[in-house]
Amino acid sequence: MMDNKHRMLLWLLLAGALLLGLHFLLHRTLLRLPRCTSNVQLHGRTAVVTDEEPGPTAPAHRPILGPGVLSHATKTKPVELKNGSNTGIGKATAKELAQRGARVILACRDQRRAQAAVQEITMETGTQQVIFMHLDLASLKSVRCFAETFLRTESRLDLLINNAGLAKDGRTEDSFGMIFGVNHLGHFLLTVLLLDRLKASGSGRVVTVASKGYELGKIDFECLTTHRDLAQGTSGFQVFMKYCDSKLCNVLFTYELARRLQGSGVCCYSLHPGAIKTDIGRYSSFWWQLVIKPVVFLFFVDAESGAQTTLHCALEQGMEHLSGHYFSQCAPLLDVQAKARDAAVAKKLWELSERFCGLSP
């Protein structure tokens, strides 16, 4: 007869098989995301994708950013800029852009990881038009240096994709809250500094990866002004809420940017990529990861699937009239929450961001 030890082992094996079966079924049905159907080719264009890795900027609270790509375009090649490119959604986006013929520059803090991503994309696509350029979104000085280098060496910019994202507390080099500084302020400054080059292309696009988490977010201007952060507190839940606040910043930034870009030929979009398996929370506490990892395994999809709405916003033709809109599953959402289209709050956030970045008194 089977003893208790073997019986327990059998139950564990059965449970594991059931979980695997459930995982497969979910990802083939309910969790299957739409794919970008655009057949646009990008020969002669350049893409920039930014990414950040933990670094010396804030040793006690190391930043975690998404992949990033910036392209060194030749005089005949338009340029596309994508934030967050050496891992996760950014890397998947960069690979697809390279496969379509774009020249892609990975703009990342961690040169080793970025160069590994460059090598992998080069091997898989056969293109030699993928390079690395240093960028640390947790440092406004680094953002300015990146923009100066880019404007000096690149003749065009056609697409800027702000994909990098962080879910870790701490302070940036400029003493802003890390999540606010990386997810919003760094991208804000980068976009503003590159706007003229985007306008010169005649049909540039800015694509900012936000999140459905914006629905839980709020903008506390008193806290931003007093503490240079979205909120106070360092618990796991409080950090998560700061992340949601930063995603609302992304959506409002895109809304205000579209208003300011009217008539320029440049369009902008924000988006929810879906529930995606990425490295964004790899420095979370052990207990938080213990809770979240089974959920991620069962219900989150891969980075390639997560890149589809980004690619849709970057490539789909005939969407000029939707500039400023928020997308999910490769389609515009017309019923976003009112706080995501609050013109007064969006304008106030823009003006405060300008002051924080030293662009206005």
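**View 1. Overall composition of the predicted protein.** Eleven helices and nine strands are assigned in the protein, and buried residues account for 53% of its 361 residues. Of the contacts between residues at least 6 apart in sequence, 78% join residues at least 24 apart. The exposed surface comes to about 16,200 Å², of which carbon and sulfur atoms supply 57%.

**View 2. The aromatic pair F253 and W350.** The structure holds nine aromatic pairs, among them that of F253 and W350, whose ring centres are 5.7 Å apart and whose planes meet at 15°, so the pair counts as stacked, the cut-off for stacking being planes under 30 degrees apart. Because F253 belongs to helix α7 (residues 236-260) and W350 to helix α11 (residues 343-356), the pair ties together parts that are 97 residues apart in sequence. Both F253 and W350 are buried.

**View 3. The aromatic cluster of F176, F180 and F356.** These three phenylalanines form one aromatic cluster. One of them, F176, also has the charged end of R228 sitting over its ring, at 3.9 Å from the ring centre.

**View 4. Helix α2 (residues 88-99) and the residue G101.** Helix α2 has twelve residues and spans 17 Å from its first C-alpha to its last, which is close to the 16 Å expected at 1.5 Å a residue. Its buried residues are I89, G90, A92, T93, A94, L97 and A98. An α-helix has 3.6 residues a turn, so residues three or four places apart point the same way. After α2 comes G101, which has a positive phi near 105°.

Conventions. Residues numbered from 1 in each chain as written. Predicted model: local features only at pLDDT ≥ 70, side-chain atom pairs only at ≥ 80, totals over all residues. Heavy atoms only, no water. Phe/Tyr/Trp six-rings, centres within 6.5 Å; stacked < 30°, edge-to-face > 60°. Helix = DSSP H or I, 4+ residues; strand = E, 2+ residues; numbered from the N terminus. Buried < 20%, exposed > 50% of the residue type's maximum accessible area, 1.4 Å probe, protein only. Lys NZ or Arg CZ within 6 Å of the ring centre and 35° of its normal. Expected span 1.5 Å × (residues − 1). Contact = heavy atoms within 4.5 Å. Areas by Shrake-Rupley, 256 points an atom, 1.4 Å probe, with all protein chains shown as cover.
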